[in-house]
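Please consider the following model together with its sequence.

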Amino acid sequence: MKAVGDDYEEQATAWLQRQGWQLLARNFRSKTGEIDIIAMDGEQLVFLEVRARRHRGFSSAAASVDGRNQRRLVRTAQGFLQRHPHLANRPCRFDVIAFEPRQSETGLAIHWIPAAFTA
């Protein structure tokens with residue numbers, strides 16, 4: 001069965017590819033967690049977290065990537081780099097792609113937050 005989040009990850013992946021990014025992995029899992037998308041933005045290795053909120057009553061999708069989530073993402077990224085040492089010397093960053101409710105329209109708007117946090 002397909003999870004709701006899978007649709008947003010597919011939309012984010014398609015958006016990144018339209019921007020010219022090279023997709024390396026989706027749903028990379030290790031014992032420390034999962035990274036939704038790993039891609040190359042030019043020469044930079046980017047670890048992306050995809051989040052969505054359907055209602056404005058909750059905190060924003062981007063704000064839901066809190067300190068605990070950030071530490072988990074960093075540990076999981078370290079695991080990815082250990083498995084792929086040929087990428088270990090690339091500059092890295094952590095981005096968030098957030099799907100948020102639109103102000104006056106139906107549907108969700110995509111917000112890309114480059115370098116959303118640092119390791």
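Helices, of at least four residues, and strands, of at least two, are DSSP runs numbered from the N terminus. In this predicted model, Ala 98 is accordingly assigned to strand β4. The chain as a whole has 2 helices and 5 strands, and along the sequence these elements follow the pattern α-β-β-β-α-β-β. Buried residues account for 41% of the 119 residues in the chain. Among contacts between residues at least 6 apart in sequence, 51% join residues at least 24 apart.

Strands β2 and β3 may be taken together. Strand β2 covers residues 33-41 and pairs with β3 in the antiparallel sense over 5 bridges. The two strands form a hairpin with 2 residues between them, and in the turn Gly 42 has a positive phi of about 65°. One of the bridges links Asp 41 to Gln 44 in β3.

At 1.5 Å a residue, its 17 residues, 67-83, should span 24 Å, and the C-alpha atoms at its ends are 25 Å apart, which agrees. The buried residues of α2 are Asn 69, Arg 72, Leu 73, Val 74, Thr 76, Ala 77, Gly 79, Phe 80 and Leu 81. An α-helix has 3.6 residues a turn, so residues three or four places apart point the same way. Among the buried positions of α2 are Asn 69, Leu 73, Thr 76 and Phe 80.

The nonpolar interior comes next. In soluble globular proteins, nonpolar side chains tend to be buried together. The largest nonpolar core here holds 18 residues, of which Ile 38, Leu 45, Phe 47, Phe 80 and Phe 94 touch the most other members. The elements that contribute two or more residues to this core are β1 (22-30), β2, β3, α2 and β4. Helix α2 provides the largest share, 5 residues. Apart from this core lies another, of 12 residues, including Tyr 8, Leu 16, Leu 48 and Ile 97. Phe 47, named above as a member of the largest core, has a set of contacts beyond four places in sequence that includes Ile 35, Ile 37 and Ile 38, Ala 77, Phe 80 and Leu 81, and also Cys 92, Phe 94 and Asp 95.

Which residue does Asp 95 meet in a salt bridge? The partner is Arg 93, with an N to O distance of 2.8 Å. Asp 95 belongs to strand β4, residues 92-101, and its relative accessible area of 0% makes it buried. Arg 93 is buried as well. Salt bridges that share partners join Asp 41, Arg 93 and Asp 95 into one network, and Asp 41 is also the residue that bridges to Gln 44. The side chain of Asp 95 makes a further polar contact, of 2.9 Å, with the side chain of Trp 112. Beyond four places in sequence, the residues that Asp 95 touches include Trp 21, Phe 47, Leu 48, Glu 49 and Trp 112.

Glu 49, one of those neighbours of Asp 95, forms its own salt bridge with Arg 51, the closest N and O atoms being 3.0 Å apart. Both partners are buried: Glu 49 has a relative accessibility of 6%, and Arg 51 has a relative accessible area of 17%. The salt bridge between the side chains of Arg 29 and Glu 34 has an N to O distance of 3.6 Å. In that pair, Arg 29 is exposed at 53% relative accessibility, whereas Glu 34 is partly exposed at 21%.

Note on methods: Residues numbered from 1 in each chain as written. Predicted model: local features only at pLDDT ≥ 70, side-chain atom pairs only at ≥ 80, totals over all residues. Heavy atoms only, no water. Buried < 20%, exposed > 50% of the residue type's maximum accessible area, 1.4 Å probe, protein only. Polar contact = N/O pair within 3.5 Å; in protein donor to acceptor, adjacent residues only side chain to side chain. Contact = heavy atoms within 4.5 Å. Pairing = 2+ DSSP bridges. Expected span 1.5 Å × (residues − 1). Core = buried A, V, L, I, M, F, W, Y, C linked by side-chain atoms within 4.5 Å. Salt bridge = Lys/Arg side-chain N within 4 Å of Asp/Glu carboxyl O.
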